[in-house]
Amino acid sequence: MRSEHPLDPPASFSPLADTQGEWAPDPASPLPLHRQISAYFIAKISSGSWPPGIRLAPQRELCRQLGVNRSTLVTALGVLAERGLIEGRRGGGTRVAAVQANGKADAAKPFGNWNDYLEEGTHYPNLPAVQAINRLEYEPGLIRLGTGEPAPGLLPGAAMTRVLAELAARPLPPLSYEEPLGSPALRSAVSRELLKSGIQADPASILITSGALQGLQLIALGLLPRGSTILLEKPSYLYSIHAFQSAGVKFSGLPMDQGGLLTGCIAAEALRTKAAMLYTIPSFHNPTGIVMDGERRQTLMEITGELGLPILEDGAYQELWLDTPPPPPLKALDREGRVLHLGTLSKAASPGLRIGWIVGPEPVIRRLADIKMQTDYGASSLSQLAAARWLDGGYHEEHLAVLRGKLRERRELMLQLLQAHFTELATWSIPAGGFYIWLSLHQPLPLRRLFTAALEAGLLLNTGDLYDRGDSRHLRLSYAYASHEELSRGLPALAGIIQQRVK
Ligand code: PMP
């Protein structure tokens, strides 16, 4: 059972019927609104898209999703209930009924219910709050105050068009499967790119992945036994995904200060938990924005060296410095091949290209490549082609300079807004790069309720409990996504909501 996992409070996995973005009223239709809605629900149920047992979202949420008032929804649901298509269960919300539209129970009942299967796979579901964010990010009109990707306007649309035009100007190579480690051209380009941050890595030590996220998944599946423990910063991005937990790996969170992970606790915790690895985001940490200072990096390498503890270094944000470059990555200090290093094009150039990489010793890279071949036969060859040109053509370097300028302006605006509206409510630090400000509330708050209240006001939040389950006093704010106008509207509104709650 998932709920037995020490990291996860029961995330009872009740699939919700999702109307998100699919339904819109048809002004030309002769049918009244409630009939249009019931017709839409009936089509979903009778096609099996919403199978028996699936739960409908709470009425308030359905009204929000459909953009209708309560009485319209209740009338529409009444029609479904009359036909026996849905049924209410005490405490269990409204579900699609097992009885079909013709009023008969499924005769032979060869197949019970998909719900019986949905919790059986080995991969954990996302946290319900993460599932909600993943859906809501595509809902128009919401101000995304915590989103961890550059706004579309910050992504290099024109330059990427040029890259693709350059590729199209010559005959395209056949889009075959690539080598297990990824396209040689892209690995060479990544190798040259890594040198800029002091990492010397041959193309044979680089595996191209579908984003850094896949790198995490491959490492969890390929290198760590079930039941093993990894040490990590607390809070951490890793708590918000389930790549490691799904592979049966446990976490032990270590405290941080403004200089990064506190190295003093590593040895005792590594011995106590028999840790198999240490995961860290030393530069522009997600979610706190903290940079591990140079001395701390040295100490970390020494202590883990004595323990023989491998390190997984996540460099997703390291090139996004805004003031001065961060100290060299841990991989640049590694003389024993003890550090695995993750990189990605997602945070600066294109999240949708799905191109990342793992750098490590050749046998490790080959082992992970073998699992990748079994998983997806490699990242998209078209994406790899574009990424190689993007890096080799100097586009990346040029784009980074522009992006840094825009992120600096956005950081400035957010800091001004925080200064104006949050001084009574919270503290924060000025991030030297990346996207995030870790807002530390003076008083703890029920963060799930804050999330809902903010959502009702049109604000989408990434609350601290996603990155540290027990947290009740932080928000991860991002200056990378919402526009200047949205930040100027959204942050005062958020301050108002928090103010009301702490009274
Ligand atoms: N690592 C960190 C620290 C991240 O914040 C993210 C994205 N949120 C990733 C890895 C994964 O990014 P991608 O798969 O898009 O490269």
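Okay, some housekeeping before we look. Because this is a predicted model, local features need pLDDT of at least 70 and side-chain atom pairs count only at pLDDT 80 or more, while totals for chains, interfaces and linings use all residues. Numbering starts from 1 along each chain as its sequence is written, and side-chain values use heavy atoms, with hydrogens and water left out.

So, the ligand. There are 13 residues around it, and Ala 212, Asp 314, Tyr 317, Thr 344 and Ser 346 come nearest; "around" here asks for a heavy atom within 4 Å. By class, that shell has six nonpolar, four polar and three charged residues. For the classes, Asp, Glu, Lys and Arg are charged, Ala, Val, Leu, Ile, Met, Phe, Trp, Tyr, Cys and Pro are nonpolar, and the others, Gly among them, are polar. Helix α8, residues 211-223, gives the largest share of the shell, three residues. Helices are DSSP runs of H or I with at least four residues, strands are runs of E with at least two, and both are numbered from the N terminus.

Four strands form an open, antiparallel sheet in the order β15-β16-β19-β18. At the edges are β15 (426-427) and β18 (462-463), each pairing on one side only. Ala 426 stands opposite Leu 441 in β16.

Conventions:
Two strands pair if DSSP finds at least two bridges between them.
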